Amino acid sequence: MLSLLLILVTRHTPVLNIIQPCITMEDNLSLTEPITKEELKQALFQMPPDKSPRSNRFNPAFFQKFWHLCGDDIFEAAKLWLERGYFPSSLNETNIYLIPKCENPDSMKDLGPYLCNVLYKMASKFLANRLKGCLDKCVSLEQSSFIEGRSIVDNALIATETIHAMKRKTKGWRGEITLKIDISKAYDCVDWGFLMGFLIRMGFDDKWIRWMMMCVSSVTYSVLMNFDRVSPINPGRGLWQGDPLSPNLFILVAESLSTLIHQRLGEETSMVSVFIGGAPVVSHLLFPDDSFLFCRENVTEVNKLIQILHTYADETDP
């Protein structure tokens with residue numbers, strides 16, 4: 001699987017070539033140091049105890065209650081998985097329960113949720129905890145979700161104030177445009193080849209990249225109908241929402257959009273941005289699966305903004 005993904009990385013060179021490395025050797029040493037039992041225990045006890053039972057019929061509360069009995073075995077197993085670089089085939093089996101999300105479901109996207117094995121989620125949560133320490137230097141200030149020290153409220157306030165100022169503008173002949181984008185099934189569209197290439201360009205260690213892609217690509221889905229499992233589905237892309245790593249990996253992928261916009265701003269300082277009342281230039285604000293994009297009200301800038309969006313879409317979801 002990893003060799004195939006390496007081949008797919010070459011499809012995304014137009015965007016990946018503008019990504020600048022930011023992960024240092026010290027960061028990589030911290031990310032890839034041997035797992036400790038305390039880290040694994042911390043990951044387990046961060047999980048809500050009353051989550052629905054997974055495919056092995058045990059919820060987090062069971063492992064939390066009996067950690068003193070099963071902790072050593074779980075730790076040895078997790079350490080072995082990371083040393084070998086692959087999970088047992090059954091560890092990342094994910095069930096799709098046909099529970100309607102709306103009153104009249106008419107497609108699979110209206111049904112859920114996904115339920116994964118608690119043991120896998122424990123390992124994934126441990127890796128997510130380590131990755132959080134590096135996200136701040138990897139992600140631009142336009143993103144504020146899932147990053148320690150930042151709050152999603154910050155972007156909401158900036159968006160509100162910017163739109164308010166645009167609406168109150170009464171002088172001048174140049175106007176501004178705000179474009180709100182809601183990415184449909186955002187996690188499902190993430191291309192694994194692009195994700196791997198992005199991690200490489202950011203400077204992450206080969207071992208860490210192998211762990212990330214192991215978590216992403218080892219998943220299989222089975223649909224439960226009348227408590228019988230329909231034959232497994234092997235995905236070729238996407239991140240699933242129940243995985244603790246998914247939010248962190250998604251905002252890394254979304255950072256490529258920020259990079260494209262920043263590149264355009266560097267070429268033409270008035271491009272794809274608004275400048276109101278002496279405040280700093282605002283070009284875009286990114287939320288978990290929504291985005292606010294700003295540009296001046298003329299055909300040239302709107303066309304260039306559309307070009308950026310097409311490039312982003314083609315590279316991350318070809």
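Residues are numbered from 1 along each chain as its sequence is written, and side-chain values use heavy atoms, with hydrogens and water left out. Because the model is predicted, local features need pLDDT of at least 70 and side-chain atom pairs count only at pLDDT 80 or more, while totals for chains, interfaces and linings use all residues.

Me: In what order do the three strands of the open sheet stand?
Reply: Helices (H or I, at least four residues) and strands (E, at least two) are DSSP runs numbered from the N terminus, and two strands pair if DSSP finds at least two bridges between them. S3 pairs with S7 (residues 290–296) in the antiparallel sense over seven bridges, and S6 pairs with S7, also antiparallel, over three bridges. The order is therefore S3-S7-S6.

Me: Which strands stand at the edges of this sheet, and why is one side of each left without a neighbour?
Reply: The sheet is open, with antiparallel pairing. Each edge strand has a single partner strand, so one side of it is left without a neighbour in the sheet; these strands are S3 (176–182) and S6 (284–286).

Me: What span does helix H6 reach from its first C-alpha to its last?
Reply: H6 (residues 67–84) has 18 residues, and the expected span of a helix is 1.5 Å times one less than its number of residues. For H6 that expectation is 26 Å, and the helix comes close to it, reaching 24 Å.

Me: Which helices are included in what covers the buried residues of H6?
Reply: The buried residues of H6 are Trp-67, Cys-70, Gly-71, Ile-74, Phe-75, Ala-78, Trp-81 and Leu-82. Their cover, counted by contact (heavy atoms within 4.5 Å), includes H4 (37–45), H5 (60–65), H7 (118–138) and H10 (206–217).

Me: Which residues touch the most other members of the largest nonpolar core?
Reply: A nonpolar core is a set of buried Ala, Val, Leu, Ile, Met, Phe, Trp, Tyr and Cys residues joined through side-chain atoms within 4.5 Å, and the largest has 76 residues. Leaving aside neighbours within four places in sequence, Leu-249 is in contact with Leu-131, Leu-195, Met-212, Val-216 and Leu-239. The residues touching the most other members are Leu-40, Phe-204 and Leu-249.

Terms used: Buried < 20%, exposed > 50% of the residue type's maximum accessible area, 1.4 Å probe, protein only.
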